[in-house]
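Have the viewer open and follow along.

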Amino acid sequence: MRAVALDDLPDWVPSWCMDHLHDEPVSVLFRHRSMSRVYGLRMASGHEVVVKVRPDEDLRAAACVAAQARLSERGFPCAHPLTPVSTVAGSVGEKALAVHAEEYRGGGDVLHGETPVIARRYAEVFARMMADLDGAPIAPPLPNPRWARWDHGDPGLWPAVPELDARVQHPVPEHVIRTATRARARALELAEDLPRVLGHADFEAQNLRWRGDRVWAVHDWDSLAWQPEAALAGAASGTFASALPPTLAPVESSAAFLETYQEARGRRFGEAELQLAWAASLWPAAHNARWEALHGGAPLCCDAVREQGAERLRRAGA
């Protein structure tokens, strides 16, 4: 994130802040852009807020902010939304934008590591989040994020992602394609009769901040998904150690994550659910491996899928 001048903000931001926060920005703390745009602002009142902007292409944003608000109200460590989602007209040639503001919950440190001990700490946070979201009367935030979308209805193996689909596909290793195919087929089979729930689908180290032994903030609530609980926990068991670039946690650490998660939730997964968790644990890594191959990046996930794919598929019964 880098500081920017107030004049560099989109023209609509100051008036939007006055309309929805009854306050105006006087300085910019930071700006970040990835799949959404994020502006950290200091307001005339002295408050520090974050304005988040993403394309208004579906109902995901409203559902995700509603879930974030529920968690914050229950004391879960995340930024509290200050506004609901509203729609702003984009610039010429740009789609309409979905916008909301939330408190700035800065500070804290990334907890690095991929050992079973670290896995258990992340699993406890994930279980607490899932408990607080349990039964939330919130519309499903569909479609699911593309890196978690093994349950897509698009033709072919991968969900439709224009940025990736437009590239020549032959650099994607055959072992990645084979593993993703088997993991997805098994996940679809196992998930068919299981209920869907809300959960965080980008549960990576880079999206959490800690103060000592306590989690301080969980970020990236735009990445909620609507899938069986075991699939969400399984994906998190593979991604929890990822900072940048993403990777896949060791098998023994994913096993520790899943064991601790079940203990914290007070419910054991059935055999089919546990197999689903292992199948789903492979999909984000396979997605990231494809991304690496198509962009010429270091093959971290490609190598991890090669090294771990057979054992994870065995545990999935695939």
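## Helix 3

The buried residues of helix 3 are I118, A119, Y122, A123, V125, F126, A127, M129, M130, D132 and L133; buried means under 20% relative accessible area with a 1.4 Å probe, protein chains only. Helices here are DSSP runs of H or I with at least four residues, numbered from the N terminus. This is a predicted model, where local features need pLDDT of at least 70, side-chain atom pairs count only at pLDDT 80 or more, and totals for chains, interfaces and linings use all residues. Residues are numbered from 1 along each chain as its sequence is written, and side-chain values use heavy atoms, with hydrogens and water left out.

## The cores

The largest nonpolar core holds 74 residues, and Y122, F126, F203, F240 and F257 have the most contacts inside it. Helix 8 (residues 271-295) gives this core its largest share, eleven residues. A second, separate core has 17 residues, including W12, C17, Y39 and V88. A nonpolar core is a set of buried Ala, Val, Leu, Ile, Met, Phe, Trp, Tyr and Cys residues joined through side-chain atoms within 4.5 Å.

Leaving out residues up to four places away in sequence, F240 touches I118, A119, Y122, F203 and F257, among others. Contact means heavy atoms within 4.5 Å.

## Q308

Q308 sits in helix 9 (residues 300-316) and is buried, at 11% relative accessible area. A polar atom of the Q308 side chain lies 3.2 Å from the backbone oxygen of A249. Q308 also touches L248, P250 and V251, again not counting residues up to four places away in sequence.

Key:
Buried < 20%, exposed > 50% of the residue type's maximum accessible area, 1.4 Å probe, protein only. Helix = DSSP H or I, 4+ residues; strand = E, 2+ residues; numbered from the N terminus. Polar contact = N/O pair within 3.5 Å; in protein donor to acceptor, adjacent residues only side chain to side chain.
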